[in-house]
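Subject: Structure handover

Hi,

Here is the structure for you to look at. Please open it first, then read my notes below.

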Amino acid sequence: MGYLNNQVVTVDAILTNKGRELLAKNDGSFRITQFALSDDEIDYTLYNPTHPSGSAFYGEAIQNMPLLEAFPIETQIMKYKLATLPRGTAKLPVLNLGYSAITLVQGASLALTPQTLNYLGNNQTYETSGYSCTVSDVRLFNTFTGVGINTPAATAANAAITSTSTLGTNVSATVIGSQINLRATTVDTLFGANTQLSATLTFVGLDSGARLTIPVTINQN
């Protein structure tokens, strides 16, 4: 969903790729039960409390920024969702993964357990709804699963990944869990003339909205 311009309240709402898939089934599985808001377009560094025209103009540059038209690629839109935090929160939650980058050799496994800092008054905690993890190219992993969370959203996301081939077209995939399990691909032909494959992993705390993206590299044996 997006405003077509910032002069009139005209809303452009479209279905995501997943929504289109469910609608096409025509079996009643397409039901909108939740929504989210984001502020991807906003650059808050443009807020200017020293504007010579006074406080009414502090946010003028932000208000005049162009807004994105809606498009269905979930990895490229709504990256910065609005979240409700307890009153008096002084620090934004951030994710701690224990890695700034990941490098694996073919067939190697790794279990990742994200934690959230500065959330609900705790220095470090786990989120009740868990964490989503999106890989930009799922072909890099023979195993890509989320465990530890049994919500309907987690069950649906983790079930969908089982039908995704690690061959063919580069495709992203998302799982949900308190722990994310990875096993690097063993498919030699995927490397072609290269000795490394690269992608990114994006983690989002489903309660806090905290977000972290790190690079992942698979080295050929």
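N181 sits in strand β11, residues 179-184. Strands here are DSSP runs of E, at least two residues long, and helices are runs of H or I, at least four residues long; both are numbered from the N terminus. The side chain of N181 makes a polar contact with the side chain of Q179, at 2.8 Å. (A polar contact is a pair of N or O atoms within 3.5 Å; within protein, one must be able to donate a hydrogen and the other to accept it, and residues adjacent in sequence count only if both atoms are side-chain atoms.) Leaving out residues up to four places away in sequence, N181 also touches L110, A111, T143, F144, T145 and V147. Contact means heavy atoms within 4.5 Å.

A word on the source: this is a predicted model, where local features need pLDDT of at least 70, side-chain atom pairs count only at pLDDT 80 or more, and totals for chains, interfaces and linings use all residues. Residues are numbered from 1 along each chain as its sequence is written, and side-chain values use heavy atoms, with hydrogens and water left out.

Next, the charges. The structure holds 1 salt bridge, meaning a side-chain nitrogen of Lys or Arg within 4 Å of a carboxyl oxygen of Asp or Glu. Its partners are D137 and R139, at 2.9 Å from N to O. Are D137 and R139 buried or exposed? Both are buried. (Buried is under 20% relative accessible area, exposed is over 50%, and partly exposed lies in between, with a 1.4 Å probe and protein chains only.)

Now the backbone. Most residues other than glycine have a negative phi. N26 has a positive one, near 55 degrees. N26 lies in the loop between α1 (17-25) and α2 (60-63), and is exposed at 70% relative accessible area. N118 has a positive phi too, near 60 degrees. N118 belongs to strand β6, residues 115-119, and is partly exposed at 28%.

L120 is in the loop between β6 and β7 (122-125). L120 is exposed, at 52%. L120 and P93 are 27 residues apart in sequence, yet 8.8 Å apart in space, C-alpha to C-alpha.

Last, the surface. I14, L68, F71 and I73 form a nonpolar patch with about 300 Å² of accessible area together. L68 is found in the loop between α2 and β3 (94-96), and is partly exposed at 36%. Nonpolar patches join Val, Leu, Ile, Met, Phe, Trp or Tyr side chains within 5 Å, from residues with over 30% relative accessible area and no salt bridge. Areas come from the Shrake-Rupley method with a 1.4 Å probe.

Best wishes

Key:
Patches are made of residues with over 30% relative accessible area and no salt bridge: like charges are joined within 9 Å, nonpolar side chains (Val, Leu, Ile, Met, Phe, Trp, Tyr) within 5 Å.
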